[in-house]
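Visitor: I would like to learn how to read a protein model. Could you take my questions one by one?

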Amino acid sequence: MKGLASEEDFIACIDRHFPNAHRHMVVGRGDDCAVLACPERLCVSTDLFIEDVHFRRSYFRPEEIGHKALAVNVSDVAAMGGVPLGFSLALMTPPGMTREYADALFAGMSGLAAAYGMVLTGGDLSRAGGLGLSITVWGEPVPGRRFLRRGGCRPDDVLFAVGSLGLARAGLCALEASGRDALRLYPEACAAHLTPNPQVSAGQLLARYPSVALMDLSDGLARDVPRLVGLDRDGGLGAALELHEDDLHDEVMAYAIANGLDPVEEAFAGGEDYALLGACPEDDFEALREEVQGVVRVGTVTADGLLTLNGLPPSNSGFDHFA
């Protein structure tokens, strides 16, 4: 296997995988800056994806790293009800990265970019002690629609999710315990962790409803429901969550039972679901549930400033990088 001997080698590898022309880009990669033909409004987000913090090379294949590094950013655009347009990439590479490894990493990323018609406008490269990626992504609103936002919830609004709750958590825990052998027992859970698929189409459909509040569900219901309703703010609203085993994926149930865990608590804690979490009035919920595939009711916004799970205070506060 050949190593990448220079920055030019990396750039040549990138150019093999990513087109350098797009309706959104006037001047592409290769100059000091790209020049973009921007719509009137853009949504912009940045996420880091760092070895041994967000992923482990021991069980992530390089194409999965490339896919997920971009997917977690695209999920933010999905939560705004937006159309992904492009992204920039800052890549930190460890010593000894081979051309084969880089090719696979960029293939995973470019495959997802092509699926959404996104362009890579440029970025930066640096040597580092481990593999890391920082991606900034942007998108535009669907014509005639607005970007969706968190907040604006009202008492008695329906809380809903689009995507499988707790599935990625089950995959992560199984992969941490057994490496890639976990794929034999929990293939869909492992895939949800390794190669999540952002809910872009669902977000764009939800943007048709002006009453919807929406956010990316990436830290689990335990962390993200308070953020959506403003529970931690003075005079903030609360949420009465109702989760039932019948609403959970079979592999969430199987993993929890095999490990003596409460499946509902696991789904509540979640993390890395890259699903959508939303709220809207009851009348709109009935309409959007007919239109948006995979919508699941998870509770009700309350006026009491409390968070409950099936009528009780939850025992899990979710994951925090800095806790």
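Visitor: Which helices do the buried residues of α9 pack against?
Guide: They pack against α4 (167-178), α6 (187-194) and α10 (263-269). Contact here means heavy atoms within 4.5 Å. Before we go on, note that this is a predicted model: local features need pLDDT of at least 70, side-chain atom pairs count only at pLDDT 80 or more, and totals for chains, interfaces and linings use all residues. Residues are numbered from 1 along each chain as its sequence is written, and side-chain values use heavy atoms, with hydrogens and water left out.

Visitor: Which residues of helix α9 are buried?
Guide: In α9 (residues 250-258), they are Glu251, Val252, Met253, Tyr255 and Ala256. Buried means under 20% relative accessible area, exposed means over 50%, and partly exposed lies in between (1.4 Å probe, protein chains only). Just after α9, glycine 260 has a positive phi of about 65°.

Visitor: What makes a stretch a helix or a strand?
Guide: Both are DSSP runs, numbered from the N terminus: helices are H or I with at least four residues, strands are E with at least two. By that rule the protein has eleven helices and twelve strands.

Visitor: Why is serine 218 called buried?
Guide: Its relative accessible area is 17%. The limit is under 20%, so serine 218 counts as buried. Serine 218 sits in the loop between β8 (213-217) and α8 (221-229). Setting aside residues up to four places away in sequence, serine 218 touches Asp224, Gly271, Glu272, Asp273 and Tyr274.

Visitor: Is isoleucine 14 buried or exposed?
Guide: Buried: its relative accessible area is 10%. Isoleucine 14 belongs to helix α1 (residues 7-17). Beyond its neighbours within four places in sequence, isoleucine 14 is in contact with Arg29, Phe106 and Leu120.

Visitor: And why does aspartate 156 count as exposed?
Guide: Its relative accessibility is 58%. Exposed begins over 50%, so aspartate 156 counts as exposed. Aspartate 156 lies in the loop between β6 (132-141) and β7 (158-162).

Visitor: What is the phi of aspartate 156?
Guide: Near 80°, a positive value in a residue other than glycine. Most residues other than glycine have a negative phi. Aspartate 52 also has a positive phi, near 65°. Aspartate 52 is in the loop between β3 (43-50) and α2.

Visitor: What makes a set of residues a nonpolar core?
Guide: The members are buried Ala, Val, Leu, Ile, Met, Phe, Trp, Tyr and Cys residues, joined through side-chain atoms within 4.5 Å. The largest such core has 94 residues; Phe87, Met109, Leu133, Leu159 and Phe160 touch the most other members. Helix α2 (residues 62-79) gives the most to this core, with eight residues.

Visitor: How do you know that the radius of gyration agrees with a compact globule?
Guide: The radius is taken over C-alpha atoms, and the globule rule is 2.2 Å times the number of residues to the power 0.38. For 323 residues the rule gives a value near 20 Å; the protein has 20 Å, so the two agree.
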